[in-house]
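Please examine the sequence and the structure before working through each solution.

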Amino acid sequence: MIFMLINKMKQLQKIGIILMLVVGIAAGCGKNMETQIAEQLELGNKYLAEMDYEAAIVAFDKVIALAPKRMDGYMGSSKAYFAQKKYAEAADILDKALQDVGIKAIVYSGSVVKTKIQAFYN
């Protein structure tokens, strides 16, 4: 019973995110695609810095919806999940990136993230 309730809540959360993405994309239809992407990346990074991880995920998911072949949306979203200790979700986003973007982008981004993690702990 509890598992069914948890699964239902996850489904509702996903539906909410999708609706927010659709509304956000529709609101930005008058803007250049690159401008929209840049604005959402800036917003997502701002929310990450403020530790507002749910808002960051929404912004980065908009980037993914607008530009599924760009790695930065996936990386931002995975960072937000990771910061919340939602490791499975972070891994799922990176797995989706692997499918949508390709291995070369993942390897490059992974080395950048590894460098940042090492700098953080040193």
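**Exercise 1.** Determine whether Ala49 is buried or exposed.

Solution. The relative accessibility of Ala49 is 64%, so this residue counts as exposed; buried means under 20% relative accessible area, exposed over 50%, and partly exposed in between (1.4 Å probe, protein chains only). Ala49 lies in helix H2, where helices are DSSP runs (H or I, at least four residues) numbered from the N terminus. The model is predicted: local features need pLDDT of at least 70 and side-chain atom pairs pLDDT 80 or more, while totals for chains, interfaces and linings use all residues. Residues are numbered from 1 along each chain as its sequence is written, and side-chain values use heavy atoms, without hydrogens and water.

**Exercise 2.** Identify the residues of the largest nonpolar core that touch the most other members.

Solution. A nonpolar core is a set of buried Ala, Val, Leu, Ile, Met, Phe, Trp, Tyr and Cys residues joined through side-chain atoms within 4.5 Å. Of its 20 residues, Ile37, Leu48, Ala56, Tyr74 and Ala80 touch the most other members. Helices H2 (33-49), H3 (53-66), H4 (71-83) and H5 (87-100) each supply at least two core residues. The largest share, seven residues, comes from H3.
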